[in-house]
Amino acid sequence: MSETIQTLTRARTDGEDCLIEAGEQLADLNRACGGEIGKTLAIPELLSLVVKARQYGLKLARQFKAIDGDKQVTAWAEITPSFGGDSGCEISIANWHVDDAPQDSAEEEIRRRTEINRHLAECSARLDPQQRVLSIETDADDLEQFAERVRNAVGKPWTDFVEFPGNAHAQPMHWRMLDGADCRIEGSRRSWSAHLEPLGKVDPGSAGFVLYLSASQPLAAVNASAGSRTPSLGRELTPVLRQPINRIIANAETIRTKLAGPLAEEYSDYAGDIASAGQHLLALIDDLSDLEVVEADDFSTAPDLIDLADVARRACGILGVRASERQIRLDPPAEGEMQMATAEFRRVLQVLLNLIGNAIRYAPEESRVWVRLDRVGERAMVTVADQGHGLDEEQQAKVFEKFERLGKQGDGGSGLGLYISRRIARAMGGDLTVESAKGQGARFTLSVPVAEADVPDA
């Protein structure tokens, strides 16, 4: 439904951009945006034009848009700065057009809700199409025993390990019935909500699921029982900090994506800035937490038989959206290609996410990032190569040091990612190296032991 009104409306602002006169239509729209007569003009795009016309003494004629409830108003504004004592502006409005506010597609709304669930989750698990557990990760102290029970019984449905109050149906139920379900977990005093992200484009769930568990309240009270000793950032403070920051991010994303209702675009952008700042802070906390872990004397990994090609493809899938935003093409190992190795799946994925994420960050737009496999003797290798500016010899010598940020200033990174990644690689019996030349991109190679079955006989 849309409506166009040709009638001219007039308004006037003073030298401080306060709306002092306005026709009925513009006054109503200004009120819908949170303003009133006698106060600063509240229609963001129109205010921007008024400020520019007043500051530069120029007559402007532009289109502007604004949200009024579930409607979007589009109109033509002619703004003439006055040169009297008040130094305000005369505003003429024409071609007033009212339409339904644009709605996101169902797919976009689902993607955004999934992003919010991901930020709130304190535990996540990868499930197969029958909802059987393939892997599980948590950063919540009160879920460590739960996660250990699940790891010791990989292949069983995730519903075997939780309770659903008031639900006597046989489990697992259809995933849509379980998405958003409340559950209880042995060993945790908190209530939990389960959210299932189906994988597989044509038939949702045909490629499995990602399970997210989020709590109704933070774990601060449990951590406070540790007493007066100085808490550890990695093992104690990180989970406490993650919860409120994740909620800030989730709430900001809810506002930014207008899931809670229509909102002026300017305020949506503000919410996006809040979410980005929260994600940045969360990344710094994660890096500091990982730093403490990998520098501990007892740090070790849990080697297992893994396929480097599969891990690389998963990493590319996770970062695919980020790459497409910069128009960078990710080129993962081809389907069917394999490279078996002995290493910890989670740690290899962590290293590859860091390497591919760096490549996306530093490579020029509309370029390409390759992920390739190789093997030399008893070493299985995966290389991430980009078409960026590359590193000179001095940068290559320092790139794995703490707080080194590849020579790029102002990107907001902690400079710990490559240092942590090399520590992880060496803890798995491998290494992380770089080959580069200024102006010719960079090649970071993670090497780990080949799976014993693939090592040729002497």
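View 1. The closest N and O atoms of the R368 and D331 salt bridge are 2.7 Å apart. A salt bridge is counted when a side-chain nitrogen of Lys or Arg is within 4 Å of a carboxyl oxygen of Asp or Glu. This pair links distant parts of the chain, with R368 in strand β15 (residues 368-376) and D331 in strand β13 (residues 329-331), 37 residues apart. Helices (H or I, at least four residues) and strands (E, at least two) are DSSP runs, numbered from the N terminus.

Before we go on, please note that this is a predicted model, in which local features need pLDDT of at least 70 and side-chain atom pairs count only at pLDDT 80 or more, while totals for chains, interfaces and linings use all residues. Residues are numbered from 1 along each chain as its sequence is written, and side-chain values use heavy atoms, leaving out hydrogens and water.

**View 2. Further salt bridges can be found in this structure.** How many salt bridges are there by this rule? The count comes to 19. Side chains of opposite charge can pair when their charged atoms come close. One of the bridges joins E36 and K39, whose closest N and O atoms are 3.9 Å apart. Both ends are partly exposed, E36 at 43% relative accessible area and K39 at 48%. Elsewhere, E137, E148, R151, E344 and R346 are linked in a network of salt bridges.

**View 3. R422 takes part in a salt bridge and also sits over a ring.** D431 forms a salt bridge with R422, with 3.8 Å between the closest N and O atoms. D431 is partly exposed, with a relative accessible area of 22%. Which ring lies under the charged end of R422? It is the ring of F400, whose centre is 3.8 Å away. A charge sits over a ring if NZ of Lys or CZ of Arg is within 6 Å of the ring centre and within 35 degrees of the ring normal.

**View 4. W158 and F164 form an edge-to-face pair.** The structure holds three aromatic pairs. Rings of Phe, Tyr and Trp (its six-membered ring) pair if their centres lie within 6.5 Å; planes under 30 degrees apart count as stacked, over 60 as edge-to-face and the rest as tilted. W158 and F164 are 5.8 Å apart centre to centre, with 80° between the planes. W158 is buried at 3% relative accessible area, and F164 is buried at 10%.

**View 5. W175 and F209 form a tilted pair.** Their ring centres are 5.8 Å apart and their planes meet at 50°, so the pair is tilted. W175 lies in helix α5 (residues 175-178) and F209 in strand β11 (residues 209-215), so the pair ties together parts that are 34 residues apart in sequence. W175 is buried, at 11% relative accessible area, and F209 is buried too, at 3%.

Key
Buried < 20%, exposed > 50% of the residue type's maximum accessible area, 1.4 Å probe, protein only.
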